[in-house]
Amino acid sequence: VAEEGMAEFQARIDRDEFIEPKDWMPEGYRKTLIRQMSQHAHSEIVGMHPEGNWVTRAPTLKRKLILIAKIQDEAGHGLYLYSAAETLGVSREELVRQLHAGEAKYSTIFNYPTMNWADVGAVGWLVDGAAITNQIPLCRCSYGPYARAMTRVCKEESFHQRQGYEALLEMMKGTDEQKKMVQDAFDRLFWPALMMFGPPDSDSAHSSQNMAWKIKRFSNDELRQRFVDATIPQAEFLGLKIPEQIKWNEETGHYDFGELDWDEFWDVVKGNGISNDDRMNARNEALEDGAWVREAAAAYAEKQRAKSKA
Ligand code: 3HC
């Protein structure tokens with residue numbers, strides 16, 4: 001029966017059908033989706049901290065309002081993704097416990113510090129830009145709840161990217177000091193942003209199976225290349241100096257950008273990034289600080305339930 005089940009399942013995937021929570025699915029399909037969707041949700045939640053540090057120090061009220069709106073969106077993206085992951089039979093409490101216990105991954109990019117206002121703009125432009133490149137194909141992922149969550153997320157991501165780019169455009173019209181800050185932010189965050197697409201295809205444990213199941217529509221290297229090709233002209237429009245190793249290749253019609261530092265990547269994945277400890281401490285503090293809110297909400301819900309039974 002298992003073979004028939006697998007063959008029928010793969011035929012549905014090949015026909016580009018959405019798999020829904022109540023449909024039969026191979027255990028491996030369920031497991032890899034819980035793995036990817038929970039890490040995606042954790043990335044959204046931890047991703048609020050680099051920008052959160054700048055809400056009280058935004059240069060104008062307008063920038064503060066935009067940043068608060070963006071951070072609120074990221075929290076919402078996390079909630080959509082935890083809810084979508086719950087349809088696979090895992091509880092949000094368990095996923096959050098894994099994150100806080102340091103057992104779960106989240107995107108390495110959030111383990112780099114945001115040291116000044118140019119970094120906040122560069123995070124919007126580059127990190128949310130890379131996220132869009134990765135998330136648009138996920139709108140056609142074979143698992144229905146994940147694809148639908150991505151459709152909503154992508155609409156908000158374009159605002160995230162544009163506000164970051166516009167903040168940098170503003171600074172590039174400013175003083176030499178401001179221009180230097182933007183160049184420095186680009187030089188520091190561009191390469192870690194490329195690592196958001198995952199290791200090289202040759203090193204990707206999940207790509208072949210996840211592409212067969214149409215969870216992953218394009219390979220890590222394909223999306224990374226697509227992001228570089230879109231971003232370098234934007235950097236040139238900003239008036240930034242482009243790193244030596246990035247060169248337009250007339251033959252391939254793409255930018256060559258050389259080798260990334262994969263030792264650094266795996267080191268940060270293992271938890272040795274500059275900001276790993278800060279992020280985990282911030283997450284655990286937020287959990288403690290928010291305990292009274294959760295208890296009050298649970299007590300209130302209990303009272304309402306008792307009232308409705310009376
Ligand atoms: N940071 C941390 N871990 C990473 C990583 C990164 N940048 N890239 C890859 N990895 C991990 C994978 O999770 C996997 O480890 P695991 O088996 O323990 O899960 C291992 O490295 C090997 O990588 P693979 O290529 O085999 O893994 P995937 O097939 O899952 O591909 C991925 C990696 C492309 C990130 C894929 O998981 C994916 O598309 N995830 C959904 C998008 C996502 O999570 N984006 C993160 C940023 S979200 C964001 O920026 C939102 C914005 O609004 C702020």
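The lining of the second largest pocket divides by class into nine nonpolar, two polar and six charged residues. The volume of the second largest pocket is about 470 Å³. Its lining comprises 17 residues, of which V96, H100, R283, L287 and R294 lie closest to the centre of the pocket. Three helices, α4 (61–86), α5 (92–100) and α12 (276–289), each contribute at least two residues to this lining. Helix α5 supplies six residues, the largest share of the lining of the second largest pocket.

Confidence in the prediction was taken from the scores of the model. The pLDDT of the protein chain averages 96, and 100% of the residues score at least 70. The ipTM of the model is 0.98 and the pTM is 0.95.

Helix packing was examined next. Two packed helices are described by the angle between their axes and by the distance between the axes. For helix α6 (residues 117–138) and helix α7 (residues 144–171), the axes come within 7 Å and the crossing angle is roughly 150°. Angles over 145 degrees count as roughly antiparallel, and α6 and α7 are therefore roughly antiparallel to each other. The crossing in which α6 passes α7 is left-handed. The contact of α6 with α7 consists, by class, of 17 nonpolar, nine polar and two charged residues.

Helix α7 was also paired with helix α2 (residues 27–46); the axes of α2 and α7 come within 13 Å and cross at roughly 25°. Since angles under 35 degrees count as roughly parallel, α2 and α7 are therefore roughly parallel to each other. The crossing in which α2 passes α7 is again described as left-handed.

Two cavities of 30 Å³ or more were counted. The largest cavity has a volume of about 50 Å³. Its lining is formed by P50, I109, F110, Y112, T114, V123, V127 and L189. By class, seven residues of this lining are nonpolar and one is polar, with no charged residues.

The second largest cavity has a volume of about 30 Å³. The residues that line the second largest cavity are R63, I66, L67, W117, V120 and Q163. Helices α4 and α6 are the elements that give two or more residues to this lining. The largest share, three residues, comes from α4. The lining of the second largest cavity contains four nonpolar residues, one polar residue and one charged residue.

Helix α4 gives at least two residues to the lining of the second largest pocket and supplies the largest share of the lining of the second largest cavity. Helix α6 gives two or more residues to the lining of the second largest cavity and is roughly antiparallel to α7.

Note on methods:
Residues numbered from 1 in each chain as written. Predicted model: local features only at pLDDT ≥ 70, side-chain atom pairs only at ≥ 80, totals over all residues. Heavy atoms only, no water. Axes fitted to C-alpha atoms, helices over the stretch in contact; angles between N-to-C directions. Helix = DSSP H or I, 4+ residues; strand = E, 2+ residues; numbered from the N terminus. Parallel < 35°, antiparallel > 145°, perpendicular 65-115°, else oblique. Left-handed = near helix turned anticlockwise from the far one by under 90°. Nonpolar A, V, L, I, M, F, W, Y, C, P; charged D, E, K, R; others polar. 1 Å grid on protein atoms, 1.4 Å probe; cavity = no way out; pocket = protein on both sides within 12 Å on 5 of 7 lines; lining within 4 Å. Points joined across faces, edges and corners; volume = space filled by probe spheres on them. pLDDT = per-residue confidence, 0-100.
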